[in-house]
Amino acid sequence: MKIISWNLLRLTGAAVDDVAELARREKPDVLLMQEATRDMEALPSLLGGHFHRLSWLGRIHGLAVWSPHRFAAPRALSLPASRLPGRLPRRRAQIVQVSEMTFANVHLSHGQLLNRRQLARIAAALRGKPSAIIGDYNIVGPVILPGFHDVGPREPTHYASNVVPFRLDRCLVHGLTCRAAAALAFGPSDHRPIRLELDIAEGWGLGTASKHRAPRKDRLHRLYR
């Protein structure tokens with residue numbers, strides 16, 4: 001299954017025509033979007049297919065998914081948030097089931113402890129399913145998530161102030177294998193789209209692929225809600 005993920009940069013980045021052009025060129029089975037505004041709801045009129053958007057309270061943008069294949073309405077998963085004042089918006093993941101695979105479309109917080117706790121919450125909700133956590137992680141450095149493997153492209157996907165390279169757009173998988181991964185060329189957004197080709201892992205469901213270590217004890221829960 002081919003998946004594209006792209007942070008669109010809200011109002012000043014990729015427009016709906018840019019997203020439609022990418023979809024026509026790459027022909028993904030699933031197109032995940034972060035910072036998607038209401039304008040993206042026009043995608044089915046340009047491409048056909050099926051679209052769902054998850055807005056964020058108090059923000060003009062949110063998460064969105066498009067697919068040429070029919071799929072069940074995604075569900076929202078609330079993520080840990082900082083107790084410090086002004087640390088908004090509250091983040092949610094968009095959980096999408098397409099065929100046998102489950103995808104968590106994410107745009108995680110910038111705090112380097114908080115975004116890892118958000119990943120742990122998502123992983124706990126997905127374990128036991130062939131699944132992938134894909135999107136803008138806002139993470140610097142490695143991620144260790146028991147039972148999941150980082151299969152995303154290993155090249156920068158964003159340049160802070162157009163200078164400092166970061167690999168912010170990532171993919172962690174559980175029960176899946178990745179046949180190919182690449183960061184595509186920059187478009188109107190400040191993030192490069194990433195392209196992944198994922199399959200169900202060989203032997204999944206036979207009692208070996210779903211084994212995982214118990215999650216580590218969370219010692220920072222008092223700082224978050």
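Is Phe-186 buried, partly exposed or exposed? We will come back to that residue after a walk through the fold, keeping in mind that this is a predicted model.

Six strands make up an open sheet in the order 5-6-7-8-12-9, and their pairing is mixed. At its edges sit strand 5, residues 75-78, and strand 9, residues 149-150, each of which pairs on one side only.

Now follow strand 8, which spans residues 131-136 and is joined antiparallel to strand 12, residues 169-174, by six bridges. You can pick out individual partners here: Ile-133 is bridged to Leu-172 in strand 12, while Ala-132 has Val-173 as its bridge partner in that strand. With strand 7, strand 8 pairs in the parallel sense, again over six bridges. Along this pairing, His-107 stands opposite Asp-136 of strand 8. To get from strand 7 to strand 8, the chain passes through helix 3, giving a β-α-β crossover that is right-handed. Strand 8 is mostly covered, with six of its six residues buried.

Helix 3 itself covers residues 114-126 and packs on the sheet. The strands touched by helix 3 are strand 5, strand 6 (92-98), strand 7 (101-107), strand 8 and strand 12. The direction of this helix makes about 155° with that of strand 8.

Next, let us turn to the aromatic rings. The model has a count of one aromatic pair.

Phe-186 counts as partly exposed because its relative accessibility is 40%. Tyr-159 is also partly exposed, since its value is 32%.

Finally, look at His-158, which lies in strand 10 too. His-158 counts as buried because its relative accessibility is 13%, which is under the 20% cut-off. Setting aside residues up to four places away in sequence, His-158 touches Val-164, Pro-165, Phe-166, Leu-168, Phe-186, Asp-190 and His-191. One of these, Asp-190, has its backbone oxygen 2.9 Å from a polar atom of the His-158 side chain.

Definitions and conventions. Residues numbered from 1 in each chain as written. Predicted model: local features only at pLDDT ≥ 70, side-chain atom pairs only at ≥ 80, totals over all residues. Heavy atoms only, no water. Pairing = 2+ DSSP bridges. Helix = DSSP H or I, 4+ residues; strand = E, 2+ residues; numbered from the N terminus. Contact = heavy atoms within 4.5 Å. Axes fitted to C-alpha atoms, helices over the stretch in contact; angles between N-to-C directions. Phe/Tyr/Trp six-rings, centres within 6.5 Å; stacked < 30°, edge-to-face > 60°. Buried < 20%, exposed > 50% of the residue type's maximum accessible area, 1.4 Å probe, protein only. Polar contact = N/O pair within 3.5 Å; in protein donor to acceptor, adjacent residues only side chain to side chain. Right-handed = clockwise from strand over helix to strand, strands pointing away.
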